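Q: I am new to this structure and would like a careful, connected look at one part of it and what lies around that part.
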Amino acid sequence: MSRIGKSPVIIPEGVTVEIKKGLVTAKGPKGELAQEVNPDFDLKLEENVLTIDRPTEQKRHRALHGLYRALINNIVIGVSQGYTKQLELVGVGYKAAVSNDILELNLGYSHSIYMQVPEGVKASATMEKGKNPTVSLESNDKELIGQVAAKIRSLRVIEPYKGKGVRFVGEKIRRKAGKTAAK
């Protein structure tokens, strides 16, 4: 049995959850999110604790049990606390700036990269002297913020020899030794 699916979703104070025919809606201080759930699954909300029961032991029901619990937990955390991701730009001359929901990145190419930040994600850029520029993303939707961070990261993939590129703050990069002079 799914260990993740068995554990209940605890709903914090200030968050309300509604269940209507396969749609779970959570409202909280950070906004409102909804998640569709297969109508075969039984959702029970009792005293700020939401439990999910699967109808059968079929392989597809077992596979979806933990998934739906994790997705519902993500929207509850999102509307109560929110999510943040920080990206670090490592390289000479790399810069970042945000104006009117447009993220401008200089990543060593001959041109600047302009990226429209989607609605629901707040972006900010900081550039301190002596430190690498960082881009901070905030959102209540974990899936959306992950997609935006992955897109920014893919604009300049980390190269393993010098470690240049876009990475998450605190991410460890596996470095390669490179060539040695033959003499």
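Which residue has its charged end over the ring of Tyr109, and how far is that end from the ring centre?

A: The charged end of Arg156 sits over the ring of Tyr109, 4.2 Å from its centre; a charge sits over a ring if NZ of Lys or CZ of Arg is within 6 Å of the ring centre and within 35 degrees of the ring normal. This is a predicted model, in which local features need pLDDT of at least 70 and side-chain atom pairs count only at pLDDT 80 or more, while totals for chains, interfaces and linings use all residues. Residues are numbered from 1 along each chain as its sequence is written, and side-chain values use heavy atoms, with hydrogens and water left out.

To place this detail, we can turn to the strands and helices. Helices (H or I, at least four residues) and strands (E, at least two) are DSSP runs, numbered from the N terminus, and two strands pair if DSSP finds at least two bridges between them.

Lys95 stands opposite Asn106 in E9, and the bridge partner of Ala97 is Glu104. The two strands form a hairpin with two residues between them, and in its turn Asn100 has a positive phi of about 55°. On to the next strand, E9 is joined by four bridges to E10 (residues 113-116), and this pair also runs antiparallel. Leu105 stands opposite Ile113 in E10. The hairpin of E9 and E10 has six residues between its strands, and there Gly108 takes a positive phi near 90°.

In a regular strand the side chains alternate between the two faces of the sheet. Buried means under 20% relative accessible area, exposed means over 50%, and partly exposed lies in between, for a 1.4 Å probe and protein chains only.

A second open sheet has four strands in the order E11-E12-E7-E13, again with antiparallel pairing. Its edge strands are E11 (121-126) and E13 (165-168), each of which pairs on one side only, and the twist here averages 20° from one strand to the next. Strand E7 (residues 83-90) is joined to E12 (residues 134-139) by six bridges, and Glu88 stands opposite Thr134 in E12. Helix H3 (residues 142-154) packs on this sheet, touching E7, E11, E12 and E13, and its direction makes about 5° with that of E7.

The structure holds one aromatic pair, formed edge-to-face by Phe41 and Tyr68, with 5.3 Å from centre to centre and 80° between the planes. Rings of Phe, Tyr and Trp (its six-membered ring) pair if their centres lie within 6.5 Å, and planes under 30 degrees apart count as stacked, over 60 as edge-to-face and the rest as tilted. Phe41 lies in the loop between strands E4 (31-36) and E5 (42-46) and Tyr68 in helix H2, so the pair ties together parts that are 27 residues apart in sequence. Phe41 counts as buried at 6% relative accessibility, and Tyr68 counts as buried at 12%.

Helix H2 (residues 59-80) has 22 residues, which at 1.5 Å a residue should span 32 Å, and its end C-alpha atoms are 33 Å apart, which agrees; the expected span is 1.5 Å times one less than the number of residues. After H2 comes Gly82, with a positive phi near 85°.

Finally, Glu32 is found in strand E4. Leaving aside neighbours within four places in sequence, Glu32 is in contact with Thr25, Ala26, Lys27, Val79 and Asn140, where contact means heavy atoms within 4.5 Å. Glu32 and Asn140 are 108 residues apart in sequence, yet 8.5 Å apart in space, C-alpha to C-alpha.

Conventions
Axes fitted to C-alpha atoms, helices over the stretch in contact; angles between N-to-C directions.
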